Amino acid sequence: MKEETGSGKSHEKQSVFLKGEKQSIFLTGATGLVGSYLLKELLIQGNSVAVLVRRSRKESAQQRIEKLVQNWENQLGKKLSRPIVIEGGLADPSWGSANQEWFKEYCGSIIHCAASLTFNGKQGGEPWSSNIEGTRNVLNVCKNAGIRTLHYVSTAYIAGSSEAFLEDSFDVGQTLRNDYEKSKFQAEKMVREVDFLDSLTVYRPSIVVGDSQTGYTLTYHGFYAVLKLAHTLAKRMPFTVGRGVRTLVTLGMSGSEHKNFVPVDWVASVFMRIFRNPQWHGKTYHLTNPNPPLILDFVEVVQEAVEKYSEFSDENDAMVATEDWFQENYAMQIAIYEPYLQDDPDFDTRNVQAAAGDLPCPRMTKDLMMFLAKKAILSDFGKK
């Protein structure tokens, strides 16, 4: 295997791994929010890491990872080692077959974190291709290379319509509400049914938001999708827009429902606590918030953040819209997220408490949600 350097040159990989050690950790999803934090923690701890990354329209996989690691170095104020980069798409099996000898010789465990968050997809496309075919490809690599340890990142929302969901629960007859939930349920089922793993650890985070300390995020799903829609529509609104309560009524909610948001820094900390300690392997962990905020608080934060930080139209602008227009269009466009905006199940966290009870989830207060919303709006949702 060859490793590219930041200068674009390449050289034979010789000294990072000792032959037969099988100490390398293979990580998928390194350019996603949770995966990028896991990569940072693995590099800080001096682990030998390899990552699977797709080429973008403008950058190679190597350039994308270099930019990401440099960003972490700037935030941390310290140098980090570089992971080996395997360029490829998760759903394309060629990345596994092309690097099969490397996996056999060097890779001891896999963290499968990559996933598509598409809610409503097309058969043969996302989220099925990444979440089903991609997971199948990871499992085939494990089988063919003799890798017996897998850490799989699922989602708490395989609980679907359940009112309460245990960490040890899986198929309890729940109704799955969108293609994301359906594809992740099928992927976790696939992972659980294989017979060639000695150790399978499953992590089920809820809705992951930005860093509770810095507000940093790489992706803008879930929490941010609702905020971004309000922000975008508000550009056609005068300064006074509809109150959050009216939005809830439009969506058929009372406001007493809960939404399970968890900061990415906490998710990564708990994950790494479990990952580093083999005595906690082999179980399922709900990386969820034991005190989730009310939907009413969340909607009011969206309202206030948009009023404070979004750019509103001039009241004399011919294109300015009415409050009724805002409510009608917001309700129509938010409909795709409506299942996610219903009351969340009560997620059991006994396994998490046993392994990482001293790492409490930050309280998702209105102040913290406002902090995250402000960061997102002022960055134009990552464009600036």
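**Exercise 1. Where is Pro 127 placed, and between which elements does its loop run?**

Solution. This is a predicted model. Step one: find the flanking elements. Pro 127 sits in the loop that links strand E6 (107-112) to helix H5 (128-145). From Glu 126 to Pro 127 the bond is cis, with omega near 5°. Most peptide bonds are trans.

**Exercise 2. Examine phi and accessibility for Asp 380 and Phe 381.**

Solution. Begin with the background. Most residues other than glycine have a negative phi. Asp 380 has a positive phi, near 55°. Phe 381 also has a positive phi, about 55°, and is not a glycine. Now place them. Asp 380 lies in the segment after helix H13 (366-378), and Phe 381 is found in the segment after H13. Then compare accessibility with the 20% cut-off for burial. Asp 380 has 22% relative accessibility, so it counts as partly exposed. Phe 381 has 6%, so it is buried.

**Exercise 3. Describe the packing of helices H1 and H2.**

Solution. Two numbers come first. Two packed helices are described by the angle between their axes and the distance between the axes. For H1 (residues 33-44) and H2 (residues 61-76), the angle is about 65° and the axes are 11 Å apart. H1 is therefore roughly perpendicular to H2. The crossing of H1 and H2 is right-handed. Finally, list the contact residues. H1 contributes Ser 36, Tyr 37, Leu 39, Lys 40, Leu 43 and Ile 44. H2 contributes Ile 65, Leu 68, Val 69, Trp 72 and Leu 76.

**Exercise 4. Summarise the whole chain.**

Solution. Count elements: the chain has 13 helices and 13 strands. Check burial: 54% of its 384 residues count as buried. Check contact range: among contacts with a separation of 6 or more, 81% join residues 24 or more positions apart.

Key. Residues are numbered from 1 along each chain as its sequence is written. This is a predicted model: local features need pLDDT of at least 70, side-chain atom pairs count only at pLDDT 80 or more; totals for chains, interfaces and linings use all residues. Side-chain values use heavy atoms; hydrogens and water are left out. Helices (H or I, at least four residues) and strands (E, at least two) are DSSP runs, numbered from the N terminus. Buried means under 20% relative accessible area, exposed over 50%, partly exposed in between (1.4 Å probe, protein chains only). Contact means heavy atoms within 4.5 Å. Axes are lines fitted to C-alpha atoms, for helices over the stretch in contact, and angles run from 0 to 180 degrees between N-to-C directions. Angles under 35 degrees count as roughly parallel, over 145 as roughly antiparallel, 65 to 115 as roughly perpendicular and the rest as oblique. A crossing is left-handed if the near helix is turned anticlockwise from the far one by less than a right angle, and right-handed if clockwise.
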